[in-house]
Amino acid sequence: MTSESRAAQAADVARTYYDSDDVNGFYVHAWGGDDIHVGIYAEPHDTVAAASRRTIGHLAGKAADLLRPGGTVLDLGSGYGGAARALAERFGCRVTALNISEVQNRRHRELNAARGLDGLVDVVTGSFNDIPFPDGTFDVVWSQEALCHSGDRARTLEEAVRVLRPGGRLLFTDTMAAEDAPEEELRPLAERLTNADFATPGFYLGRLHRLGLADVQFEDLTAHMLTHYERITGEVEAQDPQLLGAVSAAYVARLRENLPRWAAACRAGLLSWGVFDARRPAAPR
């Protein structure tokens, strides 16, 4: 199978996954339905929503000089748009949210309208392996736990850098395997996300350097993954009536089986998570 075929297949699988009623119900009612990403937990009793918002603020702090009125951001795999709305509201920047799931995009647009952000956030249905914008369009390219769904992560990064203007910033997080994690132990988790495998921090760092980016950094925040999956597991175990009314009984049973596996993998040191931060060098004068 060619890299183009793998990328197209992965896009179709991700679309089917996120468009399903069960997955949508889970993310809306157990994961918050706004920021559906791993959170940074600073307080013992942080909620999933509070920790997820903290992650957005942490990433934004790394590009505060570019996040301003008139600044442009591309959010790859934007989900329900929590980050896009937070950036637009806080900084007044214009955010283009590119996402494969039209189910998520409909909710995203509804939430934008309710907050009066239609003029600052543009929701586009599409794939991050073929970004429909010209070279050098955006000041910041942003992504949170979306690249794990790419069937060709090298190509996704190439596209991200292509649309980044000189001097612009690439910021992303992803669910990854630890460098020495045995593939067979992670296969059940990858299959839950309908992935073939996970990338590693070393893979991403190598690719970012190969693409000619400068100031390449990885901030390892893996410790927060365990807390996050413990909190999500607790949400499911609490048997929230809204969750039980939004997803099938069979899916709830699968969640109760699978979510503890993610926490166990974190305890075993098999997974990695953190923030990648890199800059596209300015054009020579």
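Mentor: A residue counts as buried when its relative accessible area is under 20%, as exposed when it is over 50%, and as partly exposed in between. Keep in mind that this is a predicted model. Start with Ser-150. Its relative accessibility is 7%, so Ser-150 is buried. Ser-150 sits in the loop between E4 and helix H6 (153–162). Asp-197 is 47 residues away along the chain, yet the two C-alpha atoms are separated by 9.9 Å.

Glu-145 belongs to that loop between E4 and H6 as well. At 11% relative accessibility it is under the 20% cut-off, so Glu-145 is buried too. Its backbone deserves a look. Most residues other than glycine have a negative phi. Glu-145 is not a glycine, but its phi is positive, about 45°. Asp-215 is another non-glycine residue with a positive phi, near 55°. Asp-215 is in strand E7 (residues 214–220).

Now follow strand E4 (138–144) to helix H4. E4 is one of the elements that the buried residues of H4 pack against. H4 covers residues 82–91, and seven of its ten residues are buried. They are Gly-82, Ala-83, Ala-84, Arg-85, Leu-87, Ala-88 and Phe-91. Besides E4, their packing partners are helix H3 (48–61), strand E1 (72–76), strand E2 (94–99), helix H5 (102–114) and strand E3 (121–125). After H4 comes Gly-92, with a positive phi near 75°.

Take the H3 partner in detail. The axes of H3 and H4 come within 10 Å and cross at roughly 55°. That angle makes the two helices oblique to each other. The crossing of H3 past H4 is right-handed. On the H3 side, the contact uses Ile-56, Gly-57 and Ala-60. On the H4 side, it uses Gly-82, Ala-83, Ala-86, Leu-87, Arg-90 and Phe-91. By class, this contact has six nonpolar, two polar and one charged residues.

Helix H7 (residues 183–192) and helix H11 (residues 249–267) have axes that come within 11 Å and cross at roughly 135°. H7 and H11 are therefore oblique to each other. Their crossing is left-handed. H7 brings Pro-188, Leu-189 and Arg-192 to the contact. H11 meets them with Tyr-251, Leu-255, Asn-258, Arg-261, Trp-262 and Ala-265. These residues divide into six nonpolar, one polar and two charged.

Last, the cysteines. A disulfide is a covalent bond between the sulfur atoms of two cysteines. The structure holds zero disulfides. Cys-93 is buried, at 0% relative accessible area. Cys-266 has a relative accessibility of 14%, so it too counts as buried.

To recap the part you asked about: Ser-150 and Glu-145 are in the loop between E4 and H6. E4 itself is packed against by buried residues of H4. H4, in turn, crosses H3 at roughly 55°.

Note on methods
Residues are numbered from 1 along each chain as its sequence is written. This is a predicted model: local features need pLDDT of at least 70, side-chain atom pairs count only at pLDDT 80 or more; totals for chains, interfaces and linings use all residues. Side-chain values use heavy atoms; hydrogens and water are left out. Buried means under 20% relative accessible area, exposed over 50%, partly exposed in between (1.4 Å probe, protein chains only). Helices (H or I, at least four residues) and strands (E, at least two) are DSSP runs, numbered from the N terminus. Contact means heavy atoms within 4.5 Å. A disulfide is a pair of cysteine sulfur atoms within 2.5 Å. Axes are lines fitted to C-alpha atoms, for helices over the stretch in contact, and angles run from 0 to 180 degrees between N-to-C directions. Angles under 35 degrees count as roughly parallel, over 145 as roughly antiparallel, 65 to 115 as roughly perpendicular and the rest as oblique. A crossing is left-handed if the near helix is turned anticlockwise from the far one by less than a right angle, and right-handed if clockwise. Ala, Val, Leu, Ile, Met, Phe, Trp, Tyr, Cys and Pro count as nonpolar, Asp, Glu, Lys and Arg as charged, and the others, Gly among them, as polar.
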